[in-house]
Amino acid sequence: KTKERIWLKNQSFGDLDDSRLVDGVTGEKLIYKRRGTEDSTPGIMSDKPKRLRFVMDCSGSMYRFNGQDGRLERQCAVAIMLMEALDGFETRFQYSIVGHSGEDDEIPLVDYGNAPKTAKERLKVVQSMVAHSQFCYSGDMTLEATELAIQDVVKEEADDYFVFVLSDANLRRYGIPPQRFGQVLQLDEKVNACAIFIASIGEEADRLRKELPAGKSFVCFDTSELPLLLRQVFVSQVLQ
């Protein structure tokens, strides 16, 4: 007797499975479905989630120069977009959001397993980012924040580890050489860490991108381009 053909999910080829669009953005390969019999060999999914840490720039310069280029508003929009996109996918992605500034290398905003569920809760997160940036002292703790994030993200076992450090590329003012930042981004080979420069004074962001290790830094001044950029980062790291 001919076996009934059904939709087989978690495949590496076939028709795109709409229910796995978020997984596709984050680099997952088994996001297709195809017609086949039940004894067809399906793709194998990991039973462990990916762990992500987003490190937001809450430094004084973000607030100070926001009137010129909207950098702080842009970062707030990014934070909202990330929280909305990851909502409902807690079993696949565990994430946390922290901030960094001249006076703090780990400003708690969203903890693992405690993601905001409503628009009001998400608004409180970005309000905390703005308030810290408005009143904090000058300085830069990007390196310290990056190192802490890399150490923290691997504290629990996961399928993959990612750290995204957002920055306004204001490192030269505080005497931070790109080479040192590059070393910190590569502290742990298990962790896919990179910097995303969302603002710049002059050509500073492009200069940093060229001097940091390949694939470890990106420049993104347009919030609408960030989803594509994150997909690029996930795919380049997960599929390497």
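Colleague: What makes the 25 Å reach of H5 close to what's expected?

Modeller: This is a predicted model, and in it H5 has 17 residues. At 1.5 Å a residue, the expected span is 24 Å, and the expected span counts one less than the number of residues. The reach from the first C-alpha to the last is 25 Å, so it comes out close to that value.

Colleague: Which residues of H5 are buried?

Modeller: Arg122, Val125, Val126, Met129, His132 and Ser133.

Colleague: How do you know that they are on the same side of H5?

Modeller: They cover an arc of only 120 degrees around the axis, and that's why they end up on the same side of H5. Over on the other side, Lys120 and Phe135 are exposed.

Colleague: And what do the buried residues of H5 pack against?

Modeller: S4, H4, S6 and helix H2 (60–64).

Colleague: Let's turn to salt bridges. How do you know that Arg71 and Asp168 form one?

Modeller: Their closest N and O atoms are 3.2 Å apart. The cut-off is within 4 Å, so the pair counts as a salt bridge.

Colleague: What does that pair tie together?

Modeller: Arg71 sits in helix H4, while Asp168 is in the loop between S7 and helix H7 (178–185), so parts that are 97 residues apart in sequence get tied together.

Colleague: Why is Arg71 called buried?

Modeller: Arg71 has 2% relative accessibility, and buried means under 20%, so Arg71 counts as buried. Asp168, at 1%, counts as buried too.

Colleague: Why is Asp87 called partly exposed?

Modeller: Asp87 is at 30% relative accessibility. Arg122 has a relative accessible area of 9%, so Arg122 is buried.

Colleague: What makes Asp206 and Arg209 a salt bridge?

Modeller: Their side chains meet at 3.8 Å, N to O, and the limit is 4 Å, so the pair qualifies.

Colleague: Where do Asp206 and Arg209 lie, and what separates them?

Modeller: They are three residues apart in helix H8 (residues 204–211), which means about one helical turn lies between them. Asp206, at 28% relative accessibility, counts as partly exposed, and Arg209 is partly exposed as well, with a relative accessible area of 34%.

Colleague: Which residues do salt bridges with shared partners join into one network?

Modeller: Arg53, Glu106, Asp152 and Lys155. A search of the whole structure finds 16 salt bridges.

Colleague: Now the nonpolar core. Which members of the largest one touch the most others?

Modeller: Out of 36 residues, they are Phe54, Met56, Tyr95, Met129, Phe164 and Ile196. Several elements supply at least two residues each, including strand S4 (50–57), strand S5 (93–100) and helix H5 (119–135). H4 gives the most, with seven residues.

Colleague: What does Tyr95 touch?

Modeller: Leaving out residues up to four places away in sequence, its contacts include Leu52, Phe54, Met83, Leu86 and Val110. There's also a second, separate core of 25 residues, with Tyr112, Val153, Leu171 and Val184 among them.

Note on methods: Residues are numbered from 1 along each chain as its sequence is written. This is a predicted model: local features need pLDDT of at least 70, side-chain atom pairs count only at pLDDT 80 or more; totals for chains, interfaces and linings use all residues. Side-chain values use heavy atoms; hydrogens and water are left out. A nonpolar core is a set of buried Ala, Val, Leu, Ile, Met, Phe, Trp, Tyr and Cys residues joined through side-chain atoms within 4.5 Å. Buried means under 20% relative accessible area, exposed over 50%, partly exposed in between (1.4 Å probe, protein chains only). Helices (H or I, at least four residues) and strands (E, at least two) are DSSP runs, numbered from the N terminus. Contact means heavy atoms within 4.5 Å. The arc is that of the directions from the helix axis to the C-beta atoms.
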